Each structure stands twice: as structure tokens, then as C-alpha cells.
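Visitor: Please take me through this model and say what each term rests on.

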Amino acid sequence: MRNQQATQLIFELSLPGRRATRFPDAGVGPRNLTDLLPASALAETPPPLPEVTEPDVIRHFVNLSTLNMSVDTHFYPLGSCTMKYNPKRHERWASLPGIVDLHPYLSEDRIQGMLAVMYEMQEMLAEIAGLPAVSLQPAAGAHGELAALLTAAAYFRDRGEQRTKVIFPASAHGTNPASAAIAGFDCVQLEISKTGLVNIEQLKSKLDHETAVFMITNPNTVGLFERDIAEISRLLHEVGGLVYIDGANMNAILGITRPGDFGGDMMHYNVHKTFTGPHGAGGPGAGPIAVRDFLEPYLPGPIVKRAGHADGEFVYSLVNPEKSIGRMRSFFGNVGILLRGYFYLKTLGARGVREVSETAVLNANYLLEKLKDFLYVPHGDRCMHEFVVSAKELQTKRGISAMDIAKRLLDYGFHAPTVYFPLVVPEALMIEPTETESKETLDAFAAALRQIAGEDPEFLQQAPHSTKNSRPDDVAAARHPVLKWTSAP
Amino acid sequence: MSYLFTTPDQQQEMLNTIGVSSVEDLFSHIPDELRFRGDLNLPVGKTELELESEIRAIANRNRNGTELTCFLGGGVYDHFIPSAVDEIAQRGEYYTAYTPYQAEASQGSLQVFFEYQTLICELLGMDVSNASLYEGGTALVEAALMAMRVTRRHRKIVVLGSVHPEYREILSTYLEQLGCEIVVVPALEGVADVNLVSDSLDDQTACLIVQSPNFFGHLESMAELAEAAHQKGALLVSSTDPISLGLLKQPGDLGVDIATAEGQPLGIPMQYGGPFLGILACREEYMRKMPGRVIGTTSDRLGNSCFVLNLQAREQHIRRDKATSNICTNQGLLALRATVYLTLLGPQGLREAAERCCRLAHYAAERLTALPNFEQAFDQPFFKEFALRYRGDVRDLSRRAAEAGFAIGPTLDRFPGQFDESMRSLVLCAVTEKRTVEEIDRLAEALSF
């Protein structure tokens with residue numbers, strides 16, 4: 001059924017003379033372009049883009065879309081990514097005139113509706129975090145990490161403190177050390193204990209007056225709540241350091257426990273994970289940060305402030321915090337994604353928000369229970385919203401790797417879990433079902449995994465068998481990179 | 001309403017399977033003193049029907065802004081978006097997928113990004129493109145960081161004062177902490193003075209950062225600036241308006257080493273400033289120093305060609321603190337929009353769009369500078385945007401324009417500390433292909449006070 005012609009490269013569909021979009025003449029009379037612009041600046045010909053018709057374009061991109069798995073079409077239990085359902089009402093509301101067509105340099109008196117929404121979003125995120133001050137600037141989670149670390153650096157500099165170290169457990173997302181390095185800190189990694197939690201004794205041994213920030217994901221990347229988090233925070237604060245909560249796993253704890261209440265000083269949200277910003281095949285995201293009051297003066301701006309007005313209406317305006325680290329990006333932020341998060345929170349309310357986490361944790365524990373008799377669970381027999389199993393035993397005994405299982409799942413109509421992360425678990429499969437999946441789907445997924453575990457290893461090593469392609473050669477790709485199409489000579 | 005499936009009976013069944021008696025038991029390992037009890041202080045949840053009218057009311061509160069005829073510029077432009085762009089971008093198969101880690105389940109997105117990389121190379125005249133970054137400002141910063149890695153010079157960069165003030169601000173945010181000096185060369189005539197620029201470059205400079213058309217809309221002398229930078233062993237890093245390349249020479253033909261752009265004009269709505277698209281492309285020799293996701297072709301087990309995430313050894317999930325960037329996404333959905341946009345326009349469409357912008361902008365400049373209270377700020381060539389000097393209070397100007405139904409700007413007083421005092425009374429005027437002669441005539445009439 002696949003339309004092989006339409007899914008050729010768009011460049012191969014091109015034929016000189018074909019057109020899709022035309023623009024009318026400017027209607028300002030005939031003048032040579034060289035009267036307007038210096039001849040030396042003008043190109044002889046326009047860029048060599050493909051020449052196709054509108055029907056070509058539609059058939060090409062619609063057919064290509066069918067080669068994707070997505071949340072709209074498949075169960076997508078990609079651990080750490082919170083691939084939950086993306087409500088369609090959000091798409092409509094984000095596209096309304098008055099929202100989608102707003103230029104960022106319109107004067108504040110003409111965009112009070114938008115500023116009111118962004119203000120309310122700041123307030124809601126502060127409440128869920130238990131941290132009072134929010135900046136909506138960062139464009140993604142990693143960008144939020146960097147923003148918060150720069151905020152911490154500015155705070156320490158202002159206090160005349162020389163702090164150079166950022167500490168994180170070995171189970172941390174790769175963005176944690178990468179962000180710390182870009183913010184100019186030295187990275188110190190902690191091994192995690194056998195229980196899958198932070199090793200407190202080792203942490204103590206690394207703490208000193210050069211410690212700036214301890215970055216921790218809670219619940220952590222093996223799916224466990226760091227129950228010693230209050231003690232960890234106390235230890236950090238004792239040496240004058242700060243605790244950063246990587247909010248990637250907020251879907252487990254909404255309304256259950258709050259980063260600010262368990263000792264976090266700063267955190268980022270991934271609005272595209274927790275609050276249903278669609279993942280867009282890689283982005284856009286939004287990574288707002290929330291911090292304690294003493295860090296507020298250093299936050300990246302602009303931030304929306306509210307003031308009362310004589311006639312009872314609130315007036316909203318943009319301000320930059322007094323000692324702000326400055327901008328992290330141009331304009332206000334990834335507003336389109338922040339809006340979807342706002343619509344979601346307005347739909348859910350406090351009760352709905354807590355139900356999200358309760359159900360996400362219920363679904364994960366249920367699935368864990370259905371798998372643990374045949375897949376090894378290295379850390380804990382309960383989990384939060386996700387869990388990590390190891391295929392190490394299957395690999396040793398039968399030669400079936402985590403990758404083989406992941407690939408074979410595609411044949412069964414399921415997207416694969418995250419594999420080989422966290423790095424602390426060998427042959428890791430990190431499974432996050434989210435709350436927007438049914439028991440029937442979880443049962444079917446568990447049954448598929450059980451069946452796969454019993455399949456012929458050689459057959460699995462060649463999976464998937466039902467997709468257009470199977471097992472691309474990554475090594476060859478990197479050795480001789482072909483990163484664009486070129487016309488045949 | 002939280003989009004849940006589980007019925008009470010199913011919930012009980014699931015709890016029985018797990019071996020606990022209540023959902024609350026699933027959280028028993030969280031120390032009691034850390035639990036949040038009661039309800040968060042959030043608004044009460046509402047149905048789709050209720051929110052529909054509430055959100056339409058909010059949108060309508062902004063309508064007194066969006067109903068103004070838009071002559072606003074400053075890095076975001078009111079360009080036309082063909083309907084086919086929205087049609088494709090609304091497909092759930094694209095927008096509800098994630099990063100294509102599993103190539104076999106993501107050939108659609110992967111091919112789109114491969115096509116995107118090719119189109120960006122064709123557009124900018126560069127050898128390689130990544131699969132996109134957050135937006136134009138951070139793309140420029142990533143290019144500066146990349147230039148430091150390439151040249152192994154980490155102490156100094158030079159940036160023109162005609163580069164977008166917000167981009168320059170992001171540069172400071174990122175680089176100050178790293179102890180890198182940022183030398184800003186003022187552009188008092190609306191473009192760079194090449195001699196001044198040459199004097200500020202030395203053999204410790206990683207790169208010269210140039211925007212052309214620049215923040216004021218004017219064209220910089222790219223070839224001379226490239227020569228000045230290269231003489232000192234520095235790279236030339238540029239930011240450009242992608243629409244302008246329908247008419248103007250490509251960065252690749254002008255000596256640029258790393259070319260960046262804000263991709264918003266390529267079929268992406270203004271949506272109050274984001275999400276947008278950070279374009280970054282470079283010469284082949286710097287390929288492995290690039291930040292961000294990159295897609296490549298390879299063959300699979302059966303010898304069929306296909307697409308994969310490539311050069312991942314540069315990235316944070318492998319290299320951690322030694323990665324080329326902390327970025328772990330591209331702007332997939334926006335890269336899709338730009339890909340569809342560029343294929344719809346093709347070479348002729350892009351040229352027509354660029355020409356229409358350029359001709360209308362020059363018509364607007366003639367009309368407005370003929371008015372008693374305005375003069376063209378700089379006598380320099382421009383593409384679709386230009387700076388006007390207003391003999392009066394610029395804030396007053398914006399207000400009077402708005403009352404007459406027009407949005408014009410930004411005014412430079414919006415960017416305190418970023419421009420010379422002599423530029424405080426400047427206002428930008430941008431003209432896209434969406435504007436008409438009639439609108440320009442009415443704007444001129446409205447401003448003839």
C-alpha cells in the first residue's frame with residue numbers, strides 16, 4: 001500500500017517549471033532592482049530549491065507521515081519522555097486569531113490578554129513547584145537547566161562566593177553535565193547505590209565550600225523517589241550550596257509532593273512532557289524554571305508582573321528582574337507550547353492534576369508487576385511513573401539484547417521504550433506508560449513483551465520485520481556522513 | 001478531566017494485581033512529612049465547552065493588537081503562510097511523535113529533516129546544516145561557541161552593534177560566565193565601518209558576528225568583513241533573513257563560515273515570539289563541531305537506503321560534559337513547517353516573495369520619508385525593513401499609529417543600553433509581501449501629522 005513514488009526525496013520529484021505558490025506583482029511601477037539594491041549584493045539566480053506543485057507537496061508529506069509512529073497512532077512508552085495524549089482542543093485554541101498572530105513587539109496595552117495568560121501560567125507553575133518565582137523564557141528542558149545554573153552562578157557571584165562544582169548522580173540525564181559545562185562549572189559525578197538512590201555517604205565526601213549546585217532528578221531516572229531528598233538538601237544547604245531539581249519526571253508527583261517542599265531551590269519543567277505540549281518529532285518544547293525567592297532577582301527576563309488598576313482591572317506588564325542574568329533567547333519564550341500547558345492546567349484543575357500522577361503511577365506499577373517475573377528489575381519492586389528493566393539476563397542466556405526487544409516491539413505495533421538509559425543499568429529498557437493509556441493497552445504490551453522474550457534470538461536480532469527499513473547501519477552513517485541530497489553529477 | 005481510561009473496577013483490579021489496597025499505598029515510600037496534602041491552589045478544572053468561550057474571550061482581548069495592520073519587524077515578520085503548511089503541520093503523525101531515536105519507526109520525520117538540511121544548504125549556499133536549534137538568537141550563540149571550538153580561541157569575539165539587540169544580550173548571558181570578552185563595534189551609520197571592525201579584530205578573536213540584512217534592515221559589506229575576519233584567522237558568523245535570499249547573494253558566496261538565521265519567516269506564525277526555528281549551517285570542514293541533531297542517510301540490514309540520527313558522538317546523551325552543546329532537541333515541528341514552506345515556494349516563489357517585500361518596502365520608505373516629521377535614519381541599502389528618525393517622541397508615534405489602525409516598530413527605546421544615545425528616536429518599519437500599496441498609502445496618511 002505504500003506510495004513509493006510520493007515518498008521519494010522531494011528533490012527527485014522536482015521538474016523545472018512546476019510551481020505551487022505565486023505572489024502578485026508589487027504594483028509600484030516598473031523599476032530595476034538595481035535602482036533599489038547594489039548590483040554587487042544581488043544573486044544571479046534564486047536558490048536552487050526544488051520545483052513542485054502543491055498536490056506534489058501534499059502527497060509527499062502526507063505519505064511520509066505514515067512512516068512515523070506517534071502518540072496519535074501508537075502506544076509510545078518512551079521512558080523519561082512522557083509521551084501522553086495531546087488534547088486536540090489545545091491545537092484549536094493555540095491557533096485562534098488574537099493568539100497565533102501576535103507580534104512580540106506590540107505594545108503592552110494591546111496584548112493584555114496574552115500577558116494575563118502568561119502571568120497565570122507563572123502562578124500555576126509556582127504553585128505546583130512550591131517555589132515562588134518563575135521565568136518562562138527557556139525554550140526546552142536543557143535550556144532551563146542552563147538558565148537555572150547561570151542564575152545560581154550570578155547569585156554566588158553577587159555574594160562574593162567562588163563556587164566551581166556542580167555534582168550529579170551517574171543516573172542523571174546527559175543534559176545535566178552538558179549544561180553545567182556550558183555554564184562554566186566543573187562536573188563531579190556520584191555513583192548511585194545498590195538501591196538505585198543517591199549514595200549519601202559519597203555525596204557527603206564530595207561536598208565542600210566550592211560546591212555550587214547538586215542536580216537531581218526526583219523521582220530519579222530509575223523510577224524511584226529519592227526518599228532522602230530532605231537530608232540531601234540539608235547537607236547541601238549546610239555547605240551553602242543549592243539543590244536543582246530536574247523536572248523531567250514531574251508527571252509522577254503533581255499535587256503529591258512539591259520540589260520546593262522537599263528542599264529544592266530551583267527546578268525546570270518540561271511543558272512538552274508533563275503538560276502535553278506535543279513533542280513535534282523532536283521539538284519545540286518549553287522549559288520554564290521556578291526558584292526560591294532569594295534567587296528571583298537573578299532570573300532571566302522578561303517576566304510578567306501584575307498591578308491593580310483604578311477601575312478594578314488588573315494591568316499586566318513585562319519586567320526584567322533587578323540583577324537578571326539577561327535573556328536566554330529572543331522574545332518572550334516558546335509561547336505556543338506554554339499556552340498548551342496553560343490550557344491543560346485550566347482543563348484539569350487541582351483534582352485533575354493529582355489524578356494524572358496517581359494514574360501514571362498506577363499504570364507504571366501495574367505494568368511493572370506484569371513484567372517482573374520474566375524481565376529483571378534491578379532497582380526496587382515498586383516504582384513511580386516509570387521503571388527500568390534490564391535485559392542483561394536474557395542477553396547472557398539467550399543472546400537477546402535490549403535493542404532486539406525494542407526493535408521487535410515495533411512489529412507488534414508498539415513504539416519502543418527508551419533503551420540503554422540510564423547508563424547505570426546494563427541492557428536497560430526504560431518504560432513510561434503515562435496516565436493516558438488503558439489497562440487493555442498495558443495488558444497487550446505486557447503480553448507482547450512476554451512473547452518476544454520467548455522468540456528465536458536470531459529472528460529478534462533481525463527485527464523489525466514489518467517496517468519499511470530494518471536495522472540501519474549507524475556506524476557507516478557516521479563514518480561517511482551524507483547529510484544532504486546532491487544532484488547526480 | 002484528565003484524559004483517563006481507568007474505570008473504578010479496572011482500578012481495583014490493577015491494585016489487586018500490584019498487591020496494594022489503594023492508590024495512596026503506591027506513594028507510601030515518600031516520607032509523610034514531604035507529602036503535599038489537600039488541593040493545590042489552582043483554578044477549578046473546566047470542560048472544553050466552558051474553556052472554549054473563556055479562551056476566545058482572551059484572544060479577543062488581544063485583537064486590538066492583531067487587528068492593526070502590521071509594519072512591525074525587529075526579527076519577527078508578518079509573512080504569508082500558505083494553507084498547505086498548516087495542513088501538513090497539523091498531522092498528528094508528525095506533531096505527536098518524538099525525537100527519531102528508533103529510526104524504523106520514524107522514517108517520516110527523519111526524511112523530512114534530511115530534506116530540511118538539504119533545503120537549508122541550498123538556501124544559504126552552505127555545505128552542511130544541522131536539523132535546527134531553538135531560534136535565531138540561540139543559533140547565533142551556538143555558532144559563536146562553535147567558532148571558539150574550531151579556532152581554539154576562547155577569550156574574545158567581536159560582534160557588530162547592528163546585530164539584533166536581543167541576540168547580543170543572549171551572547172552576554174551565555175559567554176560572560178565563561179570569561180569571554182564580547183567586543184561590540186558600534187554601527188552609527190546603520191552599518192559597520194569596516195576599518196573600525198578591522199581594528200577590533202586580533203589573533204585572539206574566535207569570530208566576527210554579523211547580521212545582514214541587519215537589525216535596521218540594511219545590508220552589510222559582507223565580502224570586506226569576511227576578508228577582515230579571515231586575515232586575523234577568525235571565522236565569519238552571520239545571521240540572515242531567509243526571505244532575503246530570494247534576491248540577495250547567499251552567505252556561502254560571501255565568505256561566511258557559519259551561517260545562522262531565524263527561520264520564523266519560513267511559514268511559522270508569530271505567536272507572541274515562539275516557538276521559532278534556529279537555522280545553523282556551516283562549511284564541511286566544521287561538520288563535526290556542529291551543535292544539535294543531524295540526520296544522515298545510510299543503508300539497512302537488507303541494503304535499503306534509509307535515514308538515521310547521525311554524528312551522535314558529539315551529543316550530550318553520549319558525551320555528557322564534553323558535548324558540543326547541551327541541546328537535546330531540534331525544533332522538529334518548525335523544521336517541518338520550513339521544509340513545506342520552501343518546497344511550496346520553490347526558487348521562483350521565493351524570488352517573487354522577496355521582490356514584493358523589497359519593492360513595497362522601498363515604496364513605503366519613499367512615502368514615509370516625504371512626510372514632514374520623518375527622515376530615513378541611514379542612507380544605506382535595505383531589503384524589507386528600514387529605520388526612520390522621528391522628530392518627536394517615538395512612544396507618541398506608536399500610539400498615534402495604533403489609533404489609526406497600524407502597528408509600526410519596534411522603537412529603539414525598547415532596548416535600553418543597546419544603542420547609541422543618538423538612535424533613541426529611531427523606529428523600524430518592516431514591509432512583508434502581505435502588505436499592499438493601499439495599506440502603505442493609508443499608513444503615510446495616518447502619519448502625516
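Guide: Seven strands of chain B make an open sheet, ordered β2-β8-β7-β6-β5-β3-β4, with mixed pairing. This is a predicted model: local features need pLDDT of at least 70, side-chain atom pairs count only at pLDDT 80 or more, and totals for chains, interfaces and linings use all residues. Residues are numbered from 1 along each chain as its sequence is written, while chains are lettered from A and ligands numbered from 1 in the order in which they are written.

Visitor: What makes β2 and β4 of chain B edge strands?

Guide: β2 (128–129) and β4 (181–185) of chain B each pair on one side only. Two strands pair if DSSP finds at least two bridges between them.

Visitor: How do you know that β3 and β4 of chain B pair?

Guide: Strand β3 (residues 156–160) of chain B and β4(B) share five bridges in the parallel sense; the requirement is at least two, so they count as paired. V158(B) has V183(B) in β4(B) as its bridge partner.

Visitor: What counts as buried, and what percentage of chain B is buried?

Guide: Of the 449 residues in chain B, 63% are buried. A residue is buried if 20 or more other C-beta atoms, placed from the backbone, lie within 10 Å of its own.

Technical notes
Helix = DSSP H or I, 4+ residues; strand = E, 2+ residues; numbered from the N terminus. Buried ≥ 20, exposed ≤ 12 C-beta atoms within 10 Å, placed from the backbone.
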